[in-house]
Amino acid sequence: MPPPRSFEFDAVIVGGTPAGIMTGITVAKSGRRAVILERSGYIGGLPANGLGATDIHTRGATGGLFLEFVRRVKEHYCEAYGADSQQLIDCSDGYRFEPHVAEIILRDMIAEVGDKLEVRTMRQFNHEPRKAIKDGAVLRQIKISNRKTGEEEIYSASVFVDATYEGDLAAAAGAPYMLGREGADEYSEPCAGKFYQRWDAPVDEVYSTGQGDNAVQAYNYRLPLTTVESNMARIEKPPTYNRAEYLSLIDDLRLNRFAGPPTPLEFDGIGAITNMVRVPNGKVDGNNQHAAFISTDLPEENWPYPTASWDWRDRFAQRLRDYILGLFYFAQNDAALPADFRERCRRWGLASDEFQENDNFPRQIYVREGRRIRGEYLFTAHDALSKRGSREHMTSITASHYALDSHACLKREEGRPHTDGIFTYPTTPYSVPYGVIVPLEVDNLLIPVPASGTHIGFSTLRMEPCWMALGEAAGVAINVSLDEGTSVRAANVIEMQRRLLRAGAVLTYYEDAAPGGDHYEALQFFALRGFLGDSYQAKLQDPATDEERANWTTWANTPDLASFSGTCGQLLDRIYTEVAKRKDAEQAELYAGS
């Protein structure tokens, strides 16, 4: 039998998720060779599989390649349908899109970097230690199964990237990881442990114990649904249909029994079992309806998924698909439900121009949380509750903003106000330190998707905009480490930040300052070191006050600028120029926050 085929790249990326794609693009732009290894026949992860309503609370909090993706979405709908079109309005400035449009744009972005970036689909990494070959702590090679030929392939790289939703590569390589929920006493995080909350209502302290456990928040599929009959595929009864699974919906409707305050719009038909956000061309992004007791999530049954074999995962994916189709079929057809409700539900179907090779159903489940790999920095809820300028965030590689947010961990329980585990808790725009994507105990590996966080901390990191930014930062870290001859663990973070800023990244968010603006790089550098306090207003055009001049020049050890007369932005730029002139040893004090 011939030996396995061997391949060598500068970067090997496991997972064709948007984060993996952004890593590959960034590496390839530097002239280095990268390969993306994707288990399925398709790339693009969740945005290309139904997640068309971008999860970000503050637009502009995340930049770089993510913002380039958003710009291209808007441009697509403008060019295809016109500047006054409903499609352009419904794309919401590029933050909402159809799955096939996301896939087209991601493929275009890949194609534009040329042959330095290869994408190889149907490549499966079986997460077993023997598939990750190490030299001490250094990951050197991985073994991949070619699902088309059945052959094994060996990949070598200077750096590997785990861009899987599951964290398979990092776990196989021996990185420590976390599963389940930490207790409230471990990190004093809001919503931690066993937790009950009516949707959009206060916490129910009677049932919330804060106890940690091994529960994993529920998965589902994000469904592109439509009422446009010319583009609708009717929902058929799945072969494994089990009517008994859905009977509780009958009394829920009859008794107006919901886990949150219903509104007429939400519960007008299909909205009783799925939350809908409009995307272009008469479609919606259908997600779990948190205000309902039964929806498209399937809690508990996914708990083994993060560490299970691919055979088990595939069976669960089929089970979840059949469950969701069965729920919709029940809502549209069961005679025990009110006739007018069934009629309103029958107005909806799957979009027939999406996933045509898969009976118009998404090809990938929404793995909201798999393994969380333990990194050099552990992101907790407190990191998302405004810590601008703290020492930990001097190494920021992106800003982001979404609520602390989790789906259910348990199915409905008699007498409880909601299914256990669902919560949403407000945050403010925050920064993500580099250590979140650098795993412990394994070298030559980065983890932009299965990043280092508690269950609560990870619940805000796990949004595609943040994942894309972390993927881009991973690519920059690879380039810097190879340019300077260091490991990615020891990569020069200041140089990484400079390159990220030149590429339009946001490292710490300001409402009145954006990438490309005057004084922006200096603002970002010194804001991460606490010079500007906690305000989200930079006010770069305001005259520098006596206090600002005294403080900033003292902190940066630039006394010659103490009498500088000009705006805040101009002063920051002058200080930044002086700091950059110093020898490395002298700069290190300021970089370390001394």
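**Ground rules.** I number residues from 1 along each chain as its sequence is written, and my side-chain values use heavy atoms, with hydrogens and water left out. Since the model is predicted, I take local features only at pLDDT of at least 70 and side-chain atom pairs only at pLDDT 80 or more, while totals for chains, interfaces and linings use all residues.

**Entry: the second largest pocket.** I looked up its volume and got about 760 Å³. A pocket here is an open set of points on a 1 Å grid over the protein atoms alone, where a 1.4 Å probe fits, with protein on both sides within 12 Å along at least five of seven lines. Points are joined across faces, edges and corners, and the volume is the space filled by probe spheres set on them.

Which residues lie nearest its centre? I found Arg39, Ser40, Trp310, Arg363 and Gln364, out of 40 lining residues; lining means having an atom within 4 Å of a point. Strand E2 (34–38), strand E4 (123–124) and helix H8 (310–333) each give two or more residues to the lining. H8 has the largest share, with six residues. Helices (H or I, at least four residues) and strands (E, at least two) are DSSP runs numbered from the N terminus.

By type, I get 16 nonpolar, 13 polar and 11 charged lining residues. Nonpolar covers Ala, Val, Leu, Ile, Met, Phe, Trp, Tyr, Cys and Pro; charged covers Asp, Glu, Lys and Arg; the others, Gly among them, are polar.

**Entry: Asp93.** I find Asp93 in the loop between helix H3 (86–90) and helix H4 (99–111). Asp93 counts as partly exposed because its relative accessibility is 46%, between the cut-offs for buried (under 20%) and exposed (over 50%, 1.4 Å probe, protein chains only). Beyond its neighbours within four places in sequence, Asp93 is in contact (heavy atoms within 4.5 Å) with Arg59, Val70 and Lys74. The side chains of Asp93 and Lys74 also make a polar contact of 3.2 Å. That term means a pair of N or O atoms within 3.5 Å; within protein, one must be able to donate a hydrogen and the other to accept it, and residues adjacent in sequence count only if both atoms are side-chain atoms.

**Entry: Thr26.** Buried or exposed? Thr26 is buried, at 9% relative accessible area. Thr26 sits in helix H1 (residues 18–29), and its contacts outside four places in sequence are Leu65, Glu472, Gly475, Val476 and Asn479.

**Entry: cysteines.** I counted zero disulfides, taking a pair of cysteine sulfur atoms within 2.5 Å as one. Cys345 is buried at 0%, and Cys568 is buried at 4%.
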